[in-house]
Amino acid sequence: MPSAPGCAMMGQKLFITRTKGPWFDLYERWWDGEEWVWVSHGRPQGLKVTSSPGADMMNEKLFVVVEDGSLWERHWRSDLGRWAWESHGRPENRRIVTAPGAAMMNEKLFVVTEDGSLWERHWRSDLGRWAWENHGRPGNQVIKFAPGAAMMNEKLFVVTVNGVLWERHWRTDLWRWVWQSHGTPSNTGATSAPGAAMLDRKLFVTTSNGKLFERYWNGSAWVWVDHGTLIHDN
């Protein structure tokens, strides 16, 4: 079964993973100018790919999580004229349990580990290497879904096991990251990763009662907007 499609690049390609056997691999769907073709990217060092592809950057790299809970990068090597794999390992040897997401500035992305903590993987230009940063858990609540809905390269959103939407944002006045709770939508709980960020002021989640909810900044406050349930034709 394929994952949700993601990592659109150059208006002519996207990526999916096969998360059920026997083909636990990364695949590219590419428009070659005349037709759509499939390209297999395989798996890194024979390790099964277990997450959707995410956190695409610069139209030349994306990230996946594999069966041992480590993060891998798939990137285009222009010097070699081919794609290559690069291991990013595990943060403090903790298994990653969500797809990578919330890419910012083409130099950072976020994942959630088995203890429900948010971790950032970012490029340290001063050190000339990638580094991990632990963002912890909001209100000591376990994060359940992949991080998403990045905005302005300074905020992202997660949902915890109790269905609460949380924002992680950079406070320039404090020069550090802080958590902000957005609560639950209309006395129900969020049951999906936050996504579909728009205009740096709105995002969307699904809820336990089957509805789609929007979280929207109206210029002075964040508000919930109920988009109802999907209507099926009989």
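Which side chains meet in a salt bridge of 3.4 Å, N to O? They belong to Lys-108 and Glu-120. A salt bridge here is a side-chain nitrogen of Lys or Arg within 4 Å of a carboxyl oxygen of Asp or Glu.

This is a predicted model, in which local features need pLDDT of at least 70, side-chain atom pairs count only at pLDDT 80 or more, and totals for chains, interfaces and linings use all residues. Residues are numbered from 1 along each chain as its sequence is written, and side-chain values use heavy atoms, with hydrogens and water left out.

## Salt bridges

The whole structure holds 12 salt bridges. The pair Lys-108 and Glu-120 links distant parts of the chain. Lys-108 lies in strand S10 (residues 108-112), and Glu-120 lies in strand S11 (residues 118-124), 12 residues apart. Strands are DSSP runs of E, at least two residues long, numbered from the N terminus.

How accessible are these partners? Buried means under 20% relative accessible area, exposed means over 50%, and partly exposed lies in between (1.4 Å probe, protein chains only). Lys-108 counts as buried because its relative accessible area is 12%. Glu-120 is buried too, at 2%.

Lys-202 and Glu-214 also meet through their side chains in a salt bridge. This pair again links distant parts of the chain: Lys-202 sits in strand S18 (residues 202-206) and Glu-214 in strand S19, 12 residues apart. Lys-202 has a relative accessible area of 18%, so it is buried. Glu-214 is buried at 7%.

Arg-124 and Asp-126 form another salt bridge. Arg-124 is partly exposed, because its relative accessibility is 29%. Asp-126 reaches 55%, so it counts as exposed.

| Salt bridge | N to O distance |
|---|---|
| Lys-108 and Glu-120 | 3.4 Å |
| Arg-124 and Asp-126 | 2.6 Å |
| Lys-202 and Glu-214 | 3.5 Å |

Four strands form an open sheet in the order S17-S18-S19-S20, with antiparallel pairing. Two strands pair if DSSP finds at least two bridges between them. Strand S17 (195-198) and strand S20 (222-226) are the edges, and each pairs on one side only. From one strand to the next, the twist averages 25°. For such angles, axes are lines fitted to C-alpha atoms, and the values run from 0 to 180 degrees between N-to-C directions.

Strand S19 (residues 212-217) runs antiparallel to S20, and 5 bridges join them. Which residue in S20 is the bridge partner of Glu-214? It is Val-225.

## A second open sheet

Another open sheet has 4 strands in the order S1-S2-S3-S4, and the pairing is antiparallel. Its edge strands are S1 (6-9) and S4 (36-42). The twist here averages 25° from one strand to the next. Strand S3 (residues 26-31) pairs with S4 over 6 bridges. Trp-31 stands opposite Trp-36 in S4.

## His-88

Is His-88 buried or exposed? His-88 is buried, because its relative accessibility is 4%. The residue belongs to strand S8 (residues 82-89).

Leaving aside neighbours within four places in sequence, His-88 is in contact (heavy atoms within 4.5 Å) with Phe-63, Leu-71, Glu-73, Arg-121, Trp-130 and Trp-132.
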